Structure formats: C-alpha cells, structure tokens
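Please consult the sequence and coordinates shown here alongside the text.

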Amino acid sequence: MLKDISNYIKYRIDRMLNKGLFYQLMLLVFAIIILLLIVSIFIIVFFQYPPKDAFWDSLMQFIDTGNISSVEGNTGVVITFLMVTFVGVCGWGSLIAMINKALQDRINNLSKGNAFIMEKNHAIILGYGEEALTIVEEFIKAKVKTIVILSEHNVDVIRKRVSFIKGYKKTNIIIREGTTSRIENIKLLNISKSSSISIINNDDTESLNILLALKKIVEENEENKIDNKINICVLVHEEDTIEIIKSIENKNFVIHVIYKYEILYKLIAQSIIYTGLSNVYEDLFSNDGNVFYIENDNDFDNWKFEDAASKYFDKGMILLGITKEDRSQILIPNYDYIIKKENRLIILSKNNYDNPIKEYPDIKPNIIKYKNNILLICEEKRYTEIIKEISEYIENNNITMLSYDLIKSQKNKYKFMLEKLKKENTTKIVLISEDNITDVKSINILLIIREIIKKEKLNIAILSLLNSIQKRNLIYSDDVRDFIVSGKLIGMLMAQASISSNILYIFYGLLSRNGKDIIMSPYSDYFNESKSFKDVYFKLLKKKIILIGIKRYNDIILNPNYECMLDNKDEIVIITNYVLEEENEELIF
C-alpha cells in the first residue's frame, strides 16, 4: 500500500515537471515552503526559538548565505540554520538550472521551427541544397528584408555556411530545422503573408510532398476566406515530375517549375555555338548584374516604340520588347509600333554600373562563326541522351565523343588528349558531369586540358557542366573561353523567378529555339563603319533585332554606356530569331 502511494506521488511529480517551467517553479516554491515550515516547527519545539521569528529567520537563511554570521543562540540553532543555508544554495542552483533549461528548450524550439513567424513579405526556402545558398545570396543582393529557411539539416551547419555570404548581416535570416513536408511546420512559417516560396530538394518525391502540404494549407485558407496568392517556385530533377506537378495546379495554386537539367543543357547547347554566351546569362540571372524587369504600368501610352526606347536610353536602360500576358515570351514589335497602356514593357536595367569598355590594339579579331568541331567528354551511357537534349542547336556541328573511363585508362593522359585535339581539329570542348563522383573525373581532365591549351597555345574554348557548386567555385575561371555551368546558375534563376515569376518565362523563351534567342554575331555582318551603341540599337531595331551588349575579345559588357563606339573588332550581343538571314547584303546598313 505504501509502495503504491509512493509510486503515485512520484508519478504526479514527474507529470508536473514535464509540464514546463511554470509548474516546475510552483513545485520548487511549494517544496521550499514545506521545508521552512518543518524547520520553523523544529527550532520552536527543540530550541524554544521565538515563534514569531522562526519562519522569517529560516527564510532569510535560505535566501542569503551571509545571514549565518548574525545567528545568535545555542549550537543547535546554528547547525540547523547552516543546513537551511546549504539547502538554500542547492535550491537557488536548481532554480537557475530550471530557467536555463527552459531558455535552451525555447531556443531549440525556435531553431527547429516550433514558433510562429510574425513576418510579412518574407521569402521562404523549403529544403536545402547547394542551390539554396545561391538563392540566399541573390535575395541579399536584391535587398529582400527577411529570408526563412526550413530544412531537415542541422541549423548550425547552415548558419555557418550562410555566414560566409557577403552582406548576410544586412538581412534578417531565420533558419529552422524540421520536416519540410509536415503541414504543422509549414503553417508556422506564415505563408499567407510571404512574398515567395522556393522548394529545393535532391529528391523530387519530397518536393511533391511539400507541394501537397502547401495546397492543403491554401485550401484551408480559402475556406476561412484568407487571401493568400503565393508565388511558388520548385526545382525538379526528373522530367516525369513536371507532369505530376501540373496535375496538382489549379487557378488558385500556381506552381512555377524549373527543370534543372533542361535549363543547364540549353545553356550548354547555346554556349557551344556562341563562346561567352554563358557569361551573358550569368550576368542576367544575377541580381548583382544587369536584370530584366517588367513594367506593368507604363507612361508611354500612344508613344512609338522607338521613342520610348530613346527615353529609356537616357536612364541607362534598354527597352527589349513587350509581353502581353503572364508566362509570355518577349515580343519585339516594329520600331513604329504604338505602345498601349495595357502593354507590359520588358526592360534591361543596370544593377552594377562598373562596366568600362576596354580598348585593344587595332588587329583583326579571330571570330569563329557558328560551325564547330566539338569534343564531348561524358559518361558513355549518357552520350545518346545528352546529344538528344542539345541536338536542336548543334545540328551543323561535328561532334566527337570521349568517355571518362577511356581517358582514365590512358597512361599518359596529356599526350593522349593533345593528339585527340589536334587530330579532330577541335574548336570547343564540352565536359558533362551530373553527379559528385563524375565531378572528380571531370575536374581532373579539365585541369589537364587547361594545361594543354596553355602550353600548346591552342585556340580552344572549354565549356564544363559540374553538379557541385562548391567544386565549381574551386576551379572557376574568369576567362569567357573557359566557363563552368553548375547549379549556381539554377539558384540564380530560382531567385529571379521567386522575386518575379514572369521573368522565368522570359528566360524560358530566350533559351528555347521556338522563341527569341540571345546570340552573338560579328559587328561586320551588319555595319561597315564605326557607330555608337545607341545608333546601332536603333538601326537594328528596324530589323526587329534588339541590341543588349557587346563582346570585345574576352570581355562581354551588357548595357554599356550608349555613347561607346563599336567597330569591326567587336561582336554584338542581340536578341533575335535563332535563324539569321543568310544574305549579308540585306543586313548591312
């Protein structure tokens, strides 16, 4: 019987301790009062201590250890108060420990996503990968005030990596740990007040689970008449996932999909034709370079397109064209097109004004026109699929394939690669890697190829696709003829799409052969004499071609000073149809 009572009392105490700090403090105060009452009765009965002072003096000994020096009376009272003082020290220690533990638990709960986010217009990132850090970096450049990251990765690890991003202290970055597809965790992020949601996972299944959870929350908010149109952008790795995502969509739940390898392969394919084009896209994707934006409410009602373009030039901007609706590509109207109030104007604007045009000796530039002898280095099993992905852009080019395993089997890789390059008269090398294991092979071969080009003084451009952003940063080169494509560009594009989803479809149009393309073309194909950038823009506009920048040897400058002079040593960066006119006479002004 006594054992059962004892167990029951222990059980009730344990239950109270598990309820939190308030109940723990109540239990501690109750225990202290009982103890002091027992001590008071003890010293009254055995030492004839004054009843009116017994409890108060016991409390003073418990609170302050220094009061023991003022105790008067027999030895028994002193010993009793010494014991009370010792218990007081333990009691205060227990109180501090309780408060400290409660604070630690609260901090852990906050970091693990167990507290509601009281923010507005915050950008949410669900999941974690190398692209996530790029998105955070681009959000910081775009001056996003608050960024919330929820992932299953350790908070301290993510926080440490974020701390290396330039300017991270200027942005409120909240990092939470928890299951990203759990509805309860997502609700705590206050998604109805967020400006965007970016979903990043290495596993498309997890991304689908997150989308289903988001849709459930949106439906609940609709029932409660809460307006929460959210800009959702998701990164996928498998083409089949796109069809499943489209089945989830409805008019109130719109998802913007970025298929990672489709974008990367299109960048690779276009860059095969035009050396340096990847640098153009890197500039456009980044919030630190030149950026596209759509002006929904323009002040040029009933203006001619060329007149509006002239006004934008005065502001250091380039008018690219118009778009009539969401998810629309760039439309380049006639130069005398009358702009309507409802037209949405697409502008190229500078974020970075440090773009001087360098002068070079007056020598004839070596401009290789569109046909190339390409050496494609990849896993043998991926060759057919890669060719299929990029075939629409390389149909007029000669391609030779080498596998990583074949190169690895050679004893003298330098000699083998040099003979191969000379035998095939290679003008471009493309290395493809889609996983971390192949990244190592690709980097080893890339370093050998760089050494060959440097020692043998070969005029060969290199284009590499690496899976890892971190490895890309280790061997990155500023040379436009040695460009590395990686998930960093995808992270940049996702950040752009999260800030303005319509920009995503502008880029899709530029990366698709069915729409408008960014290409590079010799200046001499259009003009016989030197002209200013502004004059060239308006001359080309009459052919429905938009000039956005120039390439002078290894320098590519977008949106330069409109007074800078162009001549035959330059290539021009333009937006036009993929297939150019064949007869130069019809193009030259």
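## Basis of the model

The model is predicted, with local features requiring pLDDT of at least 70 and side-chain atom pairs counted only at pLDDT 80 or more, whereas totals for chains, interfaces and linings use all residues. Residues are numbered from 1 along each chain as its sequence is written, and side-chain values use heavy atoms, with hydrogens and water left out.

Helices (H or I, at least four residues) and strands (E, at least two) are DSSP runs numbered from the N terminus.

## Helices H5 and H18

Helix H5 (residues 130-141) packs on helix H18 (residues 487-499) at an angle of about 50°, and their axes lie 8 Å apart. Axes here are lines fitted to C-alpha atoms, for helices over the stretch in contact, and angles run from 0 to 180 degrees between N-to-C directions. H5 is therefore oblique to H18; this class holds the angles left over once those under 35 degrees (roughly parallel), over 145 (roughly antiparallel) and 65 to 115 (roughly perpendicular) are set aside.

The residues of H5 in contact (heavy atoms within 4.5 Å) with H18 include Glu131, Ile135 and Phe139. Their partners in H18 include Lys488, Met492 and Ile499. By class, the contact of H5 with H18 has seven nonpolar, four polar and four charged residues. Ala, Val, Leu, Ile, Met, Phe, Trp, Tyr, Cys and Pro count as nonpolar, Asp, Glu, Lys and Arg as charged, and the others, Gly among them, as polar.

## Helices H10 and H19

The axes of helix H10 (residues 260-273) and helix H19 (residues 501-511) come within 10 Å and cross at roughly 45°, so H10 and H19 are oblique to each other. Ile263, Lys266, Leu267 and Gln270 of H10 meet Tyr508, Leu510 and Leu511 of H19. This contact comprises five nonpolar, one polar and one charged residues.

## Tyr265 in H10

Tyr265 belongs to helix H10 and is buried (under 20% relative accessible area, with a 1.4 Å probe and protein chains only), at 2%. Apart from neighbours within four places in sequence, Tyr265 contacts Arg382, Ile386, Glu389, Ile390, Ile432, Glu434 and Leu465.

## The buried face of H12

In helix H12 (residues 305-314), the buried residues are Phe305, Glu306, Ala308, Ala309, Tyr312 and Phe313. Viewed down the axis of H12, they fall within an arc of 155°, so they line one face of the helix. These buried residues pack against strands S7 (290-295), S8 (318-323) and S9 (344-350) and helix H20 (533-541).

Notes. Buried means under 20% relative accessible area, exposed over 50%, partly exposed in between (1.4 Å probe, protein chains only). The arc is that of the directions from the helix axis to the C-beta atoms.
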